[in-house]
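Welcome! Here is a short briefing to read alongside the sequence and the 3D view.

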Amino acid sequence: MEILRAELEYNCPTWNVTSFGFYHHADYVEISGDGKKMYLTISGGSDCEEVFFSILSILFIYYGGFPKLLKVELNGVAEDTEQYNSLFFTSPHFKKECFKLHDINSSTINEKVMEKFAQLSGYPILSLQALVSCVYDKMMSDHKLTLLLQVIDGLVSDDEGRSVDEKIKKQLIPNFNSKKTQQIPYACKVYYLCDKNFFVYDDNLKILPLLQVDDIKFTRTITDTRHHNTHFTAPKVHSLEKGSDNIIYFTLIYYILRIYIIKKLDVPLSDDLIADG
């Protein structure tokens, strides 16, 4: 039987961890915390490291960044934590209280959540993790944003894009005829993502007025930026040009994508935490 024990730390955001445990296939997971540190034990007959990496990824979604790994032991043998920290090293910019979307308890990490997370496409989430790592800190903001906008295409399904109301589609793409093509435009996926995970909250957030856009122009801005930066020949129209705007939109879309993923896990979200973010 394998046993993995880990000690994790977040300087910020603050931990709010209750002690709990659950079974995941052949493994039993125990989680506890003391306000500053989290203690994790995984025991069973399957690959404990694989379960460990999944839990770290779920923590990343809830908190906006990976914790620091202080200690990792596999079957009583200390592992080199640097090999983990080099993989899971989030930029300090994203490890702030405002990025926190959930506390850690039996409702936010359990067998059902683990199963739901395993059903999500892995590559877009890995890309999301990489783009907010320290490795990407010095990357040009327009290129970094472009890579993030590709994550939308990887996470949001064609069926979700197809479900956008026809009236909205006509505003986004005036010449689009869904009856004559099977291809779902990127703009429809963007609108679906933002409508369900951003626009519904913006009566309280008031972000769109600050950006001087409405829902349609916001979607067009993201779409045109992605197309122009990816294909170069596409017209700029609403695409972003200033580095400061790229950073604002990157941070906002990063936040929206995490809300989308949490809803995919069927974990309820607090409107107050979203408003605080």
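Histidine 25 is exposed, at 57% relative accessibility; exposed means over 50% relative accessible area, buried under 20%, and partly exposed in between (1.4 Å probe, protein chains only). This is a predicted model, where local features need pLDDT of at least 70, side-chain atom pairs count only at pLDDT 80 or more, and totals for chains, interfaces and linings use all residues. Residues are numbered from 1 along each chain as its sequence is written, and side-chain values use heavy atoms, with hydrogens and water left out.

**Positive phi angles**

- Most residues other than glycine have a negative phi.
- Histidine 25 is not a glycine, yet its phi is positive, at about 55°.
- Histidine 25 sits in the loop between strand 2 (20–24) and strand 3 (27–33); helices (H or I, at least four residues) and strands (E, at least two) are DSSP runs, numbered from the N terminus.
- Aspartate 266 also has a positive phi, near 60°.
- The loop between helix 12 and helix 13 (271–276) holds aspartate 266, which is partly exposed with a relative accessible area of 44%.

**Salt bridges**

- There are nine salt bridges in the structure, each being a side-chain nitrogen of Lys or Arg within 4 Å of a carboxyl oxygen of Asp or Glu.
- One of them joins glutamate 7 and lysine 37, at 3.3 Å from N to O.
- That pair links distant parts of the chain, 30 residues apart: glutamate 7 is in strand 1 (residues 2–9) and lysine 37 in strand 4 (residues 37–44).
- Glutamate 7 is buried at 16% relative accessible area, while lysine 37 is partly exposed at 25%.
- Aspartate 153 and arginine 226 form another, with their closest N and O atoms 3.1 Å apart.
- Here too distant parts of the chain are linked, with aspartate 153 in helix 5 (residues 141–155) and arginine 226 in helix 11 (residues 215–231), 73 residues apart.
- Aspartate 153 is partly exposed at 30% relative accessibility, whereas arginine 226 is buried at 12%.
- Lysine 169 bridges to glutamate 166, with the closest N and O atoms 3.2 Å apart.
- These two are three residues apart in helix 7 (residues 166–172), so about one helical turn separates lysine 169 from glutamate 166.
- Lysine 169 is buried at 2% relative accessibility, and glutamate 166 is partly exposed at 38%.
- Asp153, Asp158, Lys189 and Arg226 belong to one network, joined by salt bridges that share partners.

**The nonpolar core**

- The largest nonpolar core has 87 residues, and Phe52, Tyr62, Ile104, Ile109, Ile152, Phe218 and Ile222 touch the most other members; such a core is a set of buried Ala, Val, Leu, Ile, Met, Phe, Trp, Tyr and Cys residues joined through side-chain atoms within 4.5 Å.
- Helix 12 (residues 243–264) contributes the most to this core, with twelve residues.
- Beyond its neighbours within four places in sequence, isoleucine 222 has contacts that include Leu149, Ile152, Tyr186 and Tyr249; contact means heavy atoms within 4.5 Å.

**Helix 8 against helix 12**

- The axes of helix 8 (residues 186–197) and helix 12 come within 9 Å and cross at roughly 80°; axes are lines fitted to C-alpha atoms, for helices over the stretch in contact, and angles run from 0 to 180 degrees between N-to-C directions.
- That makes helix 8 roughly perpendicular to helix 12, a label for angles of 65 to 115 degrees.
- Among the residues making the contact are Tyr192 and Leu193 of helix 8 and Ile256 and Tyr260 of helix 12.

Definitions and conventions. Parallel < 35°, antiparallel > 145°, perpendicular 65-115°, else oblique.
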